[in-house]
Amino acid sequence: MANVISDETIEYVGILAKLELDEAEKIRAKKDMEEMLDYIDKLNELDTTGVEPMSHVFPVNNVFREDVVRENDGHEETLANAPERNGDSFVVPKTILGD
């Protein structure tokens, strides 16, 4: 089944993506989108009965560690690397830009 993308759709997608496409780029984008939709239609013809839905090819496990409460948050070790500090803060150059 051939999908047909309208010129208005290409214009709209260009606006959403903040792209300025010349006529040749619009023609190519239209062709590419039509090919992608045709491929999706072809995939939809496959019999997926008994195939379990998945979001990843490989199993994904939670890799986060458990939160552990500690007495020391490491701020002294971090501030030890500061070229200049003021109490518990880093001193950095002023970065405000004017006109």
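These are my notebook entries on a few spots I looked up in this structure, which is a predicted model.

**Entry 1: N3**

I began close to the start of the chain. N3 sits in the segment before α1 (7-16). Is N3 buried or exposed? I found N3 buried, because its relative accessible area is 18%, and the cut-off for buried is under 20%. Next I looked up what N3 touches. Leaving out residues up to four places away in sequence, N3 is in contact with E34, L37, D38 and D41. Two of these partners deserve a note of their own. The side chain of N3 makes a polar contact of 2.8 Å with the side chain of D41. A polar atom of the N3 side chain also lies 3.3 Å from the backbone oxygen of L37.

**Entry 2: K18**

I moved on to the loop between α1 and α2, where K18 is placed. K18 has a phi near 55°, a positive value in a residue other than glycine. K18 is exposed, with 76% relative accessible area.

**Entry 3: salt bridges**

Side chains of opposite charge can pair when their charged atoms come close, and I went looking for such pairs. How many salt bridges does the model have? The count comes to six, and I wrote down three of them.

- K30 pairs with D7, and their closest N and O atoms are 3.0 Å apart. K30 lies in helix α2 and D7 in helix α1, so this pair ties together parts 23 residues apart in sequence. I noted K30 as partly exposed, at 22% relative accessible area.
- E23 pairs with K26, with 3.6 Å between the closest N and O atoms. Both belong to helix α2, and because they are three residues apart, about one helical turn separates them.
- E76 pairs with R85, the closest N and O atoms being 3.4 Å apart. E76 counts as partly exposed at 39% relative accessibility, and R85 is partly exposed too, at 36%.

**Entry 4: a nonpolar patch**

I finished on the surface. Which residues form a nonpolar patch there? They are Y39, L43 and L46, with about 320 Å² of accessible area together. L46 is found in the loop between α2 (23-44) and α3 (75-79), and at 54% relative accessibility L46 counts as exposed.

Conventions:
Residues numbered from 1 in each chain as written. Predicted model: local features only at pLDDT ≥ 70, side-chain atom pairs only at ≥ 80, totals over all residues. Heavy atoms only, no water. Patch = residues over 30% accessible without salt bridge, like charges linked within 9 Å, V, L, I, M, F, W, Y side chains within 5 Å. Areas by Shrake-Rupley, 256 points an atom, 1.4 Å probe, with all protein chains shown as cover. Salt bridge = Lys/Arg side-chain N within 4 Å of Asp/Glu carboxyl O. Helix = DSSP H or I, 4+ residues; strand = E, 2+ residues; numbered from the N terminus. Buried < 20%, exposed > 50% of the residue type's maximum accessible area, 1.4 Å probe, protein only. Polar contact = N/O pair within 3.5 Å; in protein donor to acceptor, adjacent residues only side chain to side chain. Contact = heavy atoms within 4.5 Å.
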